[in-house]
Amino acid sequence: MDVVQLLLSVPGIDVNIKDVKDRTPVMYTQDYRILALLKKYTKSCDDFPVHTVTKVVLCGNSGAGKSTLAQIILNWPSLLDPKRAVKTIEDHVRNVKLLTAGILSYYVPRSDGSIMLYDLAGHLEYYSSHSSCLEALSQSTPSTFLTLADVSEKPDDVKTQLNYWSAMIGNVCSKCPQPSEVIVIGTHTDKVEDKAKLDSLCSLLFRHADEGVNKTKQHFAGFMGLNVTDYRSADMSRFINKLLETNESVRKRCPAISLSCHVLYALLKEKVSSDKAAIPLSDLLLLLDAVKDHGLSTNISEITSYLTTLADKGLIVFFPDVNPSVSWIVLRPDVLLEQVNGAIFAPASFKEHRHSLVSNTGIIPISKLQNIFPNYDINLIVQFLLQRELCQPVIDTTDASKTLSDCVFFPCLVSVTRPSDISIPPGSFVWRMYTSSGSEFFTPRCLHALVHRLANQFTLPSTEFKHDPEVHRFSRRCTVWSTGIAWLDELAIRFIVEVDKSMQCLSFTVSAAKLKNNSQYPKQHERVLDLIKKTCEDFCPSVAKNMNESVCKGPSMDEVELPRLRKAISLQFPTLVDISGTKEVDLEEWLLVEPQLPLLIGVSMKGSSSSVPTLKDLMSTVAAKIPAKWRKVGIQLDIPVAALDDIQLQVGWRPDSNIDAFELVLGKWKSLHFHKYTWSTIIKALEAPSVDAMDVAAELRTIYFC
């Protein structure tokens, strides 16, 4: 019996498998106890086919048609049933409720593979919490992502949307051992009357989506143009078939699940009251003791492993803790994904969900949260928010032994713009970090997590906000706005960390006019830089890996000419070079003595990866060796596909036109991306798998040691 239980806890064991005589293990069993156990496990697997579940995520900007498509997926193929009332179905699909709040989750049972469907609200205010929730769902198994974009909008706007959602998918799936599948859908095709224009636009977006998704290390499963309200069209049937085919591909790459996991889920569904949204792990252990003949181990580590698997499938939400009484099992994920997430982070236009949570400080009393969710345990709500780094407890400075205060701080609820009194003083040290590509961003999730961590680790208690006694005890000595944070430390050193409007440049400013010779000056800023780097690695891994950086000192960021950027290898006290390229200074020494010349990260300009290449050198060292790859190189250099198409038309299709096309690509690169016009950038492009010119890249590296 023990051997049978052990086998049933091993992933991949199938009690329904048949041998050459067409008999299953159950048919060979004579021990009635084993027979009863096998039948129980078989029934659990049939009633709750956890192993067949695939996560499908609908993402895109507001108005793209996500909720309409979600209803079609939910009701397919019954929508096509001639016995159904067509008018009612059409009303159901066409009159979808607008303004989705949070993440709507649906379980879609299907004989060919069940679906856990997630419909993401498309409003900017939800982007940070969306990423947080999807990170938890993307730890172990891949998903199918459906990215929707309205093709009736301006092409550049559509491409910008696709860039963001591709980056978001890449970030949330970065820790998953298997790549997720991404299907890009151009919606509202019925609004583009010119068929030739629509075909051309879809072709353009196909190439753009393919490039964007592949950059994130996920798998591009295709692009489709679709009128999401026409569920009877041939295009819709093709889409559904494509979705099911993709889900099958994802399912085959998911880790096997043990039959014990099925039994545990059946136990939760059948034995826990349906009116309970969540239970602590301690209650589940008591249930296992009370229920007989379930065949499950009561070992906490094994039960935790099963619960983690169910959570990864999206069927529950699980918050593990060393204390079983505070390890929550959320049986209704919609409570957190839709109700909590939807209400707390709702935009101002969501009247029925909106609550007065937005504040200049981002500090919210827990009592307010309890008033919003009176039917749920407030400890569950707070644990969800804390574990996903959506907020942090503000510690009561009068009692350091407290682990949870009466207030929590939400960086993403701060809606104010940068205060006018936050400026960069003369002589400040400014560190700038840039994304290496126009299609990459410092995402809202990364920004809010960074503000969250900085406020927690570096800011000091404040004596402000005396007018509000409840907030006064938990306030921090910092100023937070929608895109940044500023604070003073105990040495009166002023720090500012913020991102620009494009979300492609993160700046870190340090100023301490009274501490020119204090040895702790560089030590403190080094700690902050380490945290910035670690946060980018956690939430924007592709940006962190390919980030460019510059550092300057001057009256303001805008008055200092940007350097030629180089790839950021380390944030630990690099060598600085003045803009004439003649004087090298150690950064730590410079921070203490403050030389007058603006100093820039890099090495001497001659023979450097950050030096500006000449067209003559590029033509002889690159173009002449791989002339036929001009288009692939252009794509890696972020030349718009439309511009590459124009170059193709300009030079024609002659075999000898490739070298001319390469010259035009290099010229376009210089004009569009001058701040990235360096040897390191072209070398990186040559090393891309799609270009595959490693030998040429290696030769350049020996010359420019980059």
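Before we start: a cavity is a set of grid points where a 1.4 Å probe fits but cannot get out, and a lining residue has an atom within 4 Å of such a point. Keep in mind that this is a predicted model.

**Exercise 1. Find out which residues line the largest cavity, and which helix gives the most to that lining.**

Solution. 
- Step 1: Start with the overall tally, which is 6 cavities of 30 Å³ or more. The largest cavity holds about 100 Å³ of space.
- Step 2: The lining consists of Asn163, Ser166, Ala167, Asn171, Gly212, Lys215, Thr216, Ser439, Glu440, Phe441, Ser542 and Val543.
- Step 3: H7, helix H8 (195-215) and helix H19 (541-546) each supply at least two lining residues, and H7 gives the most, with 4 residues.
- Step 4: Sort by class, and you get 3 nonpolar, 7 polar and 2 charged residues.

**Exercise 2. Describe the second largest pocket: what is its volume, and how does its lining divide by class?**

Solution. 
- Step 1: The volume comes to about 780 Å³.
- Step 2: Look at the 31 lining residues; nearest the centre of this pocket are Leu124, Glu125, Pro444, His448 and Ser482.
- Step 3: Helix H6 (127-137), helix H7 (155-172) and helix H16 (444-457) each put at least two residues into the lining. H7 has the largest share here, with 5 residues.
- Step 4: By class, the lining splits into 18 nonpolar, 8 polar and 5 charged residues.

**Exercise 3. Characterise how H23 packs against H24.**

Solution. 
- Step 1: Take the geometry. The axes of helix H23 (residues 641-651) and helix H24 (residues 658-672) come within 10 Å and cross at roughly 145°, in a right-handed crossing.
- Step 2: Pick out the contacts. Ala643, Leu644, Ile647, Gln650 and Val651 of H23 meet Asp660, Ala661, Leu664, Val665 and Lys668 of H24.
- Step 3: Class the contact residues: 7 are nonpolar, 1 is polar and 2 are charged.

Methods
Residues are numbered from 1 along each chain as its sequence is written. This is a predicted model: local features need pLDDT of at least 70, side-chain atom pairs count only at pLDDT 80 or more; totals for chains, interfaces and linings use all residues. Side-chain values use heavy atoms; hydrogens and water are left out. On a 1 Å grid over the protein atoms alone, a cavity is a set of points where a 1.4 Å probe fits but cannot get out, and a pocket is an open set with protein on both sides within 12 Å along at least five of seven lines; lining residues have an atom within 4 Å of a point. Grid points are joined across faces, edges and corners, and a volume is the space filled by probe spheres set on the points. Ala, Val, Leu, Ile, Met, Phe, Trp, Tyr, Cys and Pro count as nonpolar, Asp, Glu, Lys and Arg as charged, and the others, Gly among them, as polar. Axes are lines fitted to C-alpha atoms, for helices over the stretch in contact, and angles run from 0 to 180 degrees between N-to-C directions. A crossing is left-handed if the near helix is turned anticlockwise from the far one by less than a right angle, and right-handed if clockwise. Contact means heavy atoms within 4.5 Å.
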